[in-house]
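Here is a short briefing on a protein model. Please look over the sequence and the structure first.

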Amino acid sequence: MKLPERYCEAMKELLGDEYSEYLESFQKPAAHGLRVNSMKLRSSDFCRISGCSLEQIPWIENGFYYEDACAPARHPHYYAGLYYLQEPSAMTPASRLPVVPGDRVLDLCAAPGGKATELGARLAGEGFLLANDISVSRAKALVKNLELAGIPNLFVTGERPERLAEAYPGYFDKILIDAPCSGEGMFRRDSRMAVHWETAPPGSYLEIQRSLAEHGFQMLRPGGMMLYSTCTFSREEDEECILQLLDRHPELETVPVRPYEGFVPGFCGLSDAVRIFPHKMKGEGHFLVLLRKREDGAAPAAREEAEEPIISGGQLPEGIRDFLAHIRKDFSEGGFLLERDQLYYLTPGMRRKKGLRYLRSGLLMGTWNKNRFEPSQALAMALRKEEFGETVDLLSDDPRTVKYLKGETLEIDSRTASGFPWRLVCTDGYPLGWAKASGAVLKNKYCPGWRWQ
Ligand SMILES: C[S@@+](CC[C@H](N)C(=O)[O-])C[C@H]1O[C@@H](n2cnc3c(N)ncnc32)[C@H](O)[C@@H]1O
């Protein structure tokens, strides 16, 4: 691969004696990683059922290297949302932001969801995640990935950060800013990034990175934590951006993250920051730094919340209640929103703010149209097999599983005495989607846009 000359000069200056080792790393193959979705199962359970040869990524509890031959994107477990495919160093930022259930979490640059899916899983259904991306087309992929992961307590917005900051001043417990950058850490994996760098070198991103960090700061509550990350090596985009933020806001401080022997401390005196280099670890390149806003920073008053027409389960139309009676999950603590023909469930404390562009507001339960309720793909993915009364259980190596994922009708007679037609189709015990019993066959209700190609 031909690296831009100016880039090589900058890396020589950054790495000194280690520069030749860094260049040698381009001869090694890139490592492939998958991250187990803790919303659905434990890593040990996944290793037991996966059938793939996996090696633990030493600094990520639920991260594993896999061999190419494994082809995990072509496995029913992928369609069950059991894991997310992610470059190993890119798993680090979400693993080092200490999200706990109940937090209000913002991922400001979230698409396509590599980090948001992990942040959402760590909430374990309590509190909520607001995943934002300025690009609405990229945010659509974000919605799909979060729904595939079965994250119920989410908002997805396609907003400019300044508009979010106006609506949510001093509001979030945890914030991730995975900023757009010159992508130098990805050159080894994707040589097109090096070509793109010539037209968009580090300087092109500084203004946007500064503004993202600033707006993130404004939305952080006193005592809250914010993690800033990039996949680039340039000091201007990494340490210098954060040092300027720290200068502007003395109430911010850096916090050390859980260490790993391959991590390199940040440059320019920002030693709590972490650098990941491909010649030091089996991964590509990343920068991350964890920040805390001291408790004495005064929080501005929160802006007005939307007057949501939230309704309780008991107020829903009878046809919806009939369907929900088959779900063994407690929906009494939060509330429902019925907007046009779409039904959403919001967990306690989830309220929208006025005037923002929400692409998803809570768990999309299904559609209510002409007095008929059709459950959504998102609902199937957010349930556990035990939480729905009527299931169809297929093994992942049963050819009918892929037939189902391709949208075909299955010749399975699953009639019951009650006549209730909806079935949750599962593979190896994990939900894939819906089907409807019709005589001796199952009509396929798998989301057409998600089909196995
Ligand atoms: C590095 S990528 C994020 C990757 C993502 N965090 C993941 O792990 O899958 C940066 C994202 O920032 C978005 N972006 C660019 N400018 C933005 C802005 N001003 N506000 C919010 N998002 C922005 C881009 O659309 C892009 O999706």
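Helix α6 (residues 116-123) and helix α7 (residues 136-148) have axes that come within 10 Å and cross at roughly 40 degrees. This is a predicted model: local features need pLDDT of at least 70, side-chain atom pairs count only at pLDDT 80 or more, and totals for chains, interfaces and linings use all residues. Residues are numbered from 1 along each chain as its sequence is written.

**Helix pair**
- Axes are lines fitted to C-alpha atoms, for helices over the stretch in contact, and angles run from 0 to 180 degrees between N-to-C directions.
- Helices (H or I, at least four residues) and strands (E, at least two) are DSSP runs, numbered from the N terminus.
- The crossing of α6 and α7 is right-handed (the near helix is turned clockwise from the far one by less than a right angle).
- A116, T117 and G120 of α6 meet L142, N145 and L146 of α7; contact means C-beta atoms, placed from the backbone, within 7 Å.
- By class, this contact of α6 with α7 has three nonpolar, three polar and no charged residues.
- Ala, Val, Leu, Ile, Met, Phe, Trp, Tyr, Cys and Pro count as nonpolar, Asp, Glu, Lys and Arg as charged, and the others, Gly among them, as polar.

**Annotated site**
- An unreviewed UniProt entry places the feature "active site" at C231; such annotations may be inferred rather than shown by experiment.
- C231 lies in the loop between β9 (220-230) and α11 (239-248).
- C231 counts as buried because it has 26 C-beta neighbours inside 10 Å (buried: 20 or more other C-beta atoms within 10 Å; exposed: 12 or fewer; partly exposed: in between; C-beta atoms are placed from the backbone).
- Not counting residues up to four places away in sequence, C231 touches A90, C181, G183, G185, M186, G285 and H286.

**Helix α11**
- L245 is in helix α11.
- L245 has 20 C-beta neighbours inside 10 Å, so this residue counts as buried.
- L245 and A213 are 32 residues apart in sequence but 7.1 Å apart in space, C-alpha to C-alpha.

**Backbone exceptions**
- Most residues other than glycine have a negative phi, and most peptide bonds are trans.
- The A111 to P112 peptide bond is cis, with omega near 5 degrees.
- P112 sits in the loop between β5 (104-107) and α6.
- A71 has a positive phi of about 45 degrees, and its loop runs between β3 (63-66) and α4 (76-79).
- N371 has a positive phi near 60 degrees.
- N371 counts as exposed because it has 9 C-beta neighbours inside 10 Å.

Definitions and conventions: Two residues are in contact if their C-beta atoms, placed from the backbone, lie within 7 Å.
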